[in-house]
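Here's a quick briefing to read alongside the model. Have the viewer open and follow along.

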Amino acid sequence: MNLTKHLAGVVIASTCLCVPALAQTKLTMWYHGAGNEVESRTLNQIVSDFNASQSDWAVTIESFPEKSYNDSVAAAALAGNLPDILDVDGPVMPNWAWAGYLQPLPIDESEFADFLPGTKGVWDGKLYSVGLWDAAVALFARQSTLDELGLRTPTLDKPWSREEFMAALDAAKASGKYEFALDLGMNDQAEWYSYAFSPFLQSFGGDIVDRSTYKTAEGALNGEAAQAFGKWWQSLFTGGYAPGTSEDPADQQTGFIDGKFAFQWNGNWRAVATMEAVDDVVFLPAPDFGAGNKIGAGSWQFGVSAKSKHPEGAAEFIKFAAQDKYLAAFSDGIGLIPPTPSAAKMTKNYKDGGPLAVFFDLSKAQALVRPVTPGYVVQAKVFTKALADIANGADVADTLDAAVDEIDADIESNGGYGHR
Amino acid sequence: MAFNPDNYGLRLFVRYLVLCLIALIFIFPLVFMINSSFKPDSQLLADTSSLRAFLPVGDISLDNYFGAFRRAPVGLFVLNSVLVTGATVLLSLLICSLAAFSFAFLRWKGRDVVLSIVIATLIIPFETIAIPLLLLVSKLPWIGLEGLQWGWLNTYRVQIIPWIADGLTIFLFVQYFKGLPGELIEASRVEGASWWQVYYRVVMPLSGPVLATAAILKFLVMYNQYLWPLIVVQQENYRPVMVGLGYFFQLNVAWGEVMAYLTLITVPVLIFYLFLQRAFIASIASTGVKG
C-alpha cells in the first residue's frame, strides 16, 4: 500500500513538474549551418538556454547545408511548409520579404540601436531580420612585405589611393618573389564576386544598380565610373597582377600563406587560420578609388516566417539570442565580427587591442550593404558573370551594357520588385 | 627496335598500353579521392601540384574519417540512401517489368499509343516537373499508423514512390521481352498457364541481364538523388548522402573530410556494381544500352 501511495505521489509530482514543459508552445527554426560544428554548438546552447529560461516557448532547430539552404526554403515556401524562425542571408532578405516568406519583426528597432548597420535587415522601412555576427573583407599582407617593398601602411583614416595601390602591386610584381602580386579568389564564382568586388565598383563611384530608385542599373553599372572600374579590373588580369577565373581553389586557401601572393583580398573568416600561419600578417583597409573606400557588409540573420502563427514567440527568441554573451560566444567560436561594441569588448579577437579588432573598425567605417532590393539575387549573378567575362578579356563597355540590359529586363519582368 | 606493324607482340603491347592509360584516366579520380582522404588539408592541397596526390605518402591518418563522422551523421545518410534506393529499385523492377509484360505480350486497345507516351516521357527533364510534383506530394493523403495524414513531405515514401515507374526502365524491359522466343510464351499458354504464371515462371527467370541493367541504372539514379530530396525533405532524419555532402562545404572547406565522406558514400555503389557487373556487361552486350 505504501509502495502504491509512493508511486502515485511520484507520478503526481512528475506530472506537476512537467506542466510548464507541456505548456510550452513549439516553435520551429531553420538554420543554414549544418556541418559547422562550432556555430551549431553555440546556437544549440542558445536554444537550450532559451527553452529553459521561460515556460511559454520551446524552440527546435532543423539544420540545413548552407549551399542548398535557399533552395530548400524556396521549395518549402511553395509547399506551405515554412518554420516559425528563418535564418536568412542579409542581402537575400529583401527578396524573401518581397516574396512573402518573411514578416516584419515585431520588435522595436531601437532595441538594436548599437548593432552594426550590416547586421540589421531593413526592407521597405521595416526591420525584418537581425544578425548575430557580421563579416568583413580586408587586404591581407605581411608587414615584412610592406617594409621590403618600401610601402606605406594604409590606415582607415588614410587608405591607399588607387595610385598607391597599383604602385604596391607593381612593386610586388617587380620584386619577382611572388607568382602574383594579388589574390582575389577568382575561382569562387558564387556570391563572393558581388560581396567582395562590388565595393571596388562603388569606390570608383558606380554600383550594381541605381540605389536612388532601384528600378534600373543604367548609369550605375555602365556609366563613366563603372567603365573606369571595368578597365581597371581587366588590367589586373591582362597586366598579370592577379590569377584569373581558372585559379586553383587550393591557392585561395593556402596561396598567401605559402608566399605565392604578396596581397590577398579575403574575409575575416580566414583571418584566424592566416594569423596562425603568418606571424606578421596585417589586415589593411580597402583602397580608395576616388569615391571613398568601401567593403561589403551583411551576413546571416534571423527573421520570422510570414506563415508563423507565433511571431511574438519567434521575436522573443531572437531578442534572447541577441544578448552580448551569445554574440561574443559566436565571435569567439567562428571568428566573425560581433555586432555590438559591448559584445566586441567581451571577445578574445575583437576587444580593444585584439588581433582582429581592425575588422570591427573596418566594418563600422567602410561597410556598405549590398543593394537592398529583392532583385539583388539576380543582379548578383549578372554582376558575377560580367566580372568573370571582363577578367577573361571581354570588351568592358559591351559587357557592362549587356549586364545593365539583363538587370533592367529582370526588374521590369518583376514589376519593379515593389519599389515605389 | 624498329616498329613493325606486322609484329603481333608489339601490337598487343601498344594495345594494352593504350588500354592501361585509358583505365588510369578513369581510375585516377578514385585513387586521388581515397589517398586524399587520409591526408591533412595542408598536405592534400600541397600535393595537388604533383604526382604525390595519387600516392599514400606523407602524414597518413584516419583523422579525416573521424572528422567526417563528427561533422555529419554519415551513417544515417548512407542508411537513408541505401533504404530509399533499395526500396525503389525493388519496386521499380516489379512494377516496370509488369508494365512491360503487358506492353510486350498482352493485346489491349491503345497499347501502342500508351507505350509511345511512356517512352516520350524520356525527353522530359525532371527539373521541369519538380515544382508541380512538389506541390502534388505536399497535398497527398496517406494512411499510416497514426491515421490519415495530409502531405508526404519529410518521409521516405516521398523519395521512393514518385521514382518507381519510369519510361526508361519500362522501355528496357519491353525491348528485352520482345527478344524472348515467342514459342515459349505460346507453349506456356497452350499448357494452360495464366498470364501471371507466364510472367513469373517463364519470362522473369529468363530476364536476368535486363533485371541487372535496370537495377544498376535505377540504383545510380536513386543513390545520386540531389534535387528531389533537397526540396521534399527538410528533416535531417530523412536526408540522403548527396544532400549530406553540403555539410562539408563551409566558408573554410575541410577538403580531407570531403574526400573521406566521398570515399565512404562510394563504397555501397562499388559493392552493388561489383555484385552485378557480370550481368550488367552481358546486358549491355545484348541490348546495346549503357548508363
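**A leucine to start from**

Leu182(A) touches Leu169(A), Leu236(A), Tyr241(A), Ala242(A), Phe261(A), Phe263(A) and Trp265(A), leaving aside residues up to four places away in sequence; touching, or being in contact, is when the C-beta atoms of two residues, placed from the backbone, lie within 7 Å. Keep in mind that this is a predicted model, where local features need pLDDT of at least 70, side-chain atom pairs count only at pLDDT 80 or more, and totals for chains, interfaces and linings use all residues. Residues are numbered from 1 along each chain as its sequence is written, while chains are lettered from A and ligands numbered from 1 in the order in which they are written.

**Nonpolar cores**

- The largest nonpolar core has 155 residues, and Leu182(A), Leu221(A) and Phe359(A) touch the most other members.
- A core here is a set of buried Ala, Val, Leu, Ile, Met, Phe, Trp, Tyr and Cys residues joined through C-beta atoms within 7 Å.
- Buried is when 20 or more other C-beta atoms lie within 10 Å of a residue's own, with C-beta atoms placed from the backbone.

**Domains of chain A**

- Chain A splits into domain 1 (23-135 + 298-369) and domain 2 (137-294 + 375-418), with bounds from an automatic or database domain assignment.
- Their centres, taken over C-alpha atoms, are 28 Å apart.
- Where they meet, domain 1 of chain A puts in 18 residues and domain 2 of chain A 19 residues.
- On the domain 1 side of that contact, α14(A) gives the most, with six residues.
- That domain 1 side has 14 nonpolar, three polar and one charged residue; Ala, Val, Leu, Ile, Met, Phe, Trp, Tyr, Cys and Pro count as nonpolar, Asp, Glu, Lys and Arg as charged, and the others, Gly among them, as polar.

**Domains of chain B**

- Chain B is assigned domain 1 (1-61) and domain 2 (70-287).
- The contact between them takes nine residues from domain 1 of chain B and seven from domain 2 of chain B.

**Where the chains meet**

- 24 residues of chain A are in contact with 24 residues of chain B.
- On the chain A side, α3(A) gives the most, with eight residues.

Note on methods. Buried ≥ 20, exposed ≤ 12 C-beta atoms within 10 Å, placed from the backbone. Helix = DSSP H or I, 4+ residues; strand = E, 2+ residues; numbered from the N terminus.
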